[in-house]
Protein chains: 2
Amino acid sequence: MFDETADLFIENRTFEEMAVGETACLSHTVTQRDIDLFATVTGDLNPTHVDPAYAATDMFHRIIIQGMWGTGLISAALGTKLPGPGTIYLGQDLRFAHPASIGDTITATVREKNLPRVMRSLTASAATKWVRP
Amino acid sequence: MFDETADLFIENRTFEEMAVGETACLSHTVTQRDIDLFATVTGDLNPTHVDPAYAATDMFHRIIIQGMWGTGLISAALGTKLPGPGTIYLGQDLRFAHPASIGDTITATVREKNLPRVMRSLTASAATKWVRP
């Protein structure tokens with residue numbers, strides 16, 4: 001299981017408990033297994049991700065993890081940290097700015113932007129950031 | 001492996017070969033295994049996705065698959081069908097309009113919108129559509 005930042009229990013935060021500007025993070029260091037599993041579950045067998053011989057010839061010179069894997073990390077931060085369990089994800093605008101590969105540590109950060117109590121929905125900004133080993 | 005629409009070989013289409021309006025699709029019928037694997041690879045253990053007892057009490061009355069799984073299907077359509085192998089995904093604007101659950105068939109469709117030969121990058125529209133069994 002994906003356990004680097006796992007808690008024994010996960011608990012949601014209600015709208016009343018959250019404050020504008022509040023943040024939560026989830027980090028993971030990319031492994032070959034992550035790339036293989038993501039290819040298996042989505043069918044994304046692009047050789048950019050799964051064929052080291054091909055990837056050595058392309059613009060990044062190495063295999064990179066599927067960008068949508070990083071967005072799964074954002075989803076996980078929303079669904080397990082802030083607001084946490086029970087969160088329904090409604091939308092996301094994504095730009096894949098940097099390639100990430102095995103050994104890179106990716107951190108998904110979600111930040112509460114406003115708290116429309118009437119609509120009971122949340123607008124958060126989310127980003128992933130990577131650190132190369 | 002994810003094999004419902006798999007080809008024995010995948011081949012990319014060059015900018016010269018593609019036409020504006022061209023489309024490609026990738027379909028998959030959601031299984032419990034997809035939800036479990038996606039939770040494993042992303043850490044998205046939101047009970048909305050993995051706890052049937054909780055999910056029975058929420059707005060959808062059943063577990064739903066992670067929305068980002070569907071976006072992985074879009075990534076797979078781009079990376080294996082159109083333009084195909086070697087595609088680098090740069091961005092996506094997402095709206096999760098309908099919940100999808102076990103037994104629902106999801107189709108990711110990508111459509112060529114324009115062909116800026118100078119920039120050598122592609123703007124496509126992409127959508128997922130679901131059919132309930």
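**Exercise 1. Which pattern does chain A follow, read along the sequence?**

Solution. Start with the ground rules. This is a predicted model: local features need pLDDT of at least 70, side-chain atom pairs count only at pLDDT 80 or more, and totals for chains, interfaces and linings use all residues. Residues are numbered from 1 along each chain as its sequence is written, chains are lettered from A and ligands numbered from 1 in the order written, and side-chain values use heavy atoms, without hydrogens and water.

Next, list the elements. Helices (H or I, at least four residues) and strands (E, at least two) are DSSP runs, numbered from the N terminus. Chain A has four helices and four strands. Their order is β-α-α-α-α-β-β-β.

**Exercise 2. Find how chains A and B are related.**

Solution. Superpose by least squares on the C-alpha atoms of residues with pLDDT of at least 70 in both copies. A rotation of 180 degrees, with 0.0 Å of shift along its axis, puts chain A on chain B (RMSD 0.0 Å). The copies are therefore related as by a two-fold rotation axis. In chain A, the C-alpha of A:Asp93 is nearest the axis, 2.1 Å from it.

**Exercise 3. Classify B:Leu45 as buried, partly exposed or exposed.**

Solution. Apply the cut-offs: buried is under 20% relative accessible area, exposed is over 50%, and partly exposed is in between (1.4 Å probe, protein chains only). B:Leu45 has a relative accessible area of 34%, so B:Leu45 is partly exposed. Now locate B:Leu45: the loop between α1 (32-42) and α2 (47-50) of chain B.
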